[in-house]
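Q: I have just opened this entry and would like to be guided through it. Could we look at it together?

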Amino acid sequence: MSLSRESLERLYVEHARALYNVVYRWVWNEAEAQDIVQEAFIRLWQKREGIRAETVEAYAYRVALNLAASRRRILRFRQWLPFESEHEDLLGVWDGDRMLQLDDEARQLRRALDKLPNKLKQTLLLCEFSAFSH
């Protein structure tokens, strides 16, 4: 059984926001998170012949998290390259008012999440920001 267009559209409507929330907390970038969610659904469509209906939801999250982890590795690598640091990119965009909007609690949460091992972080994010249980 393959994934129909209607099934994929329904899955997108029902889970795109939750997927975005999980992915955003993985890459901490709105545009990147949106791109990753879109790419995950493109890959679902490309692999639709081999996806079972009962596992499509979990498969969507797995694809999105794998893409997010890959994107994050790339961003971390780029920070060591001269003139292509993600931090340098942000300095031009963020002004003083915008920086004040980021409170200490949000930064502490981000640091704490970043320190978690990947498997634990995935489990926590999937449980907290999607319909999945432990």
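Q: How far apart in sequence are the residues joined by contacts in the chain?
A: This is a predicted model. Among contacts in the chain between residues at least 6 apart in sequence, 66% join residues at least 24 apart.

Q: How many helices and strands are there?
A: The chain has 7 helices and 0 strands. Along the sequence, the pattern reads α-α-α-α-α-α-α.

Q: And what percentage of the residues is buried?
A: Of the 134 residues in the chain, 31% are buried.

Q: Let us turn to the helices. How is the packing of two helices described?
A: Two values are used: the angle between the axes of the helices and the distance between those axes.

Q: What are those values for H1 and H2?
A: Helix H1 covers residues 5-27 and helix H2 covers residues 30-46. The two pack at an angle of about 145°, and their axes are 9 Å apart.

Q: Is the crossing of H1 and H2 left-handed or right-handed?
A: The crossing of these two helices is right-handed.

Q: Which residues make the contact?
A: From H1, the contributors include Leu 8, Leu 11, Tyr 12, Ala 16 and Leu 19. From H2, they include Glu 30, Ala 33, Ile 36, Val 37, Phe 41 and Trp 45.

Q: What does that contact look like by class?
A: The contact of H1 with H2 has 15 nonpolar residues, 1 polar residue and 3 charged residues.

Q: I also noticed Gln 38. Where does Gln 38 lie?
A: Gln 38 lies in helix H2.

Q: Why does Gln 38 count as partly exposed?
A: Its relative accessibility is 44%, so Gln 38 counts as partly exposed; that class lies between the buried limit of 20% and the exposed limit of 50%.

Q: How far is Gln 38 from Tyr 12?
A: They are 26 residues apart in sequence, while their C-alpha atoms are 9.4 Å apart in space.

Q: A change of topic: what is the volume of the second largest pocket?
A: The second largest pocket has a volume of about 170 Å³.

Q: Which residues are closest to its centre?
A: The lining of the second largest pocket has 14 residues, and the closest to the centre are Leu 3, Ser 7, Arg 10, Ala 53 and Val 56.

Q: Which elements give two or more residues to that lining?
A: They are H1 and helix H3, which covers 56-78. The largest share of the lining, 5 residues, comes from H1.

Q: And the lining by class?
A: The lining of the second largest pocket has 6 nonpolar, 4 polar and 4 charged residues.

Notes:
Residues are numbered from 1 along each chain as its sequence is written. This is a predicted model: local features need pLDDT of at least 70, side-chain atom pairs count only at pLDDT 80 or more; totals for chains, interfaces and linings use all residues. Side-chain values use heavy atoms; hydrogens and water are left out. Axes are lines fitted to C-alpha atoms, for helices over the stretch in contact, and angles run from 0 to 180 degrees between N-to-C directions. Helices (H or I, at least four residues) and strands (E, at least two) are DSSP runs, numbered from the N terminus. A crossing is left-handed if the near helix is turned anticlockwise from the far one by less than a right angle, and right-handed if clockwise. Contact means heavy atoms within 4.5 Å. Ala, Val, Leu, Ile, Met, Phe, Trp, Tyr, Cys and Pro count as nonpolar, Asp, Glu, Lys and Arg as charged, and the others, Gly among them, as polar. On a 1 Å grid over the protein atoms alone, a cavity is a set of points where a 1.4 Å probe fits but cannot get out, and a pocket is an open set with protein on both sides within 12 Å along at least five of seven lines; lining residues have an atom within 4 Å of a point. Grid points are joined across faces, edges and corners, and a volume is the space filled by probe spheres set on the points. Buried means under 20% relative accessible area, exposed over 50%, partly exposed in between (1.4 Å probe, protein chains only).
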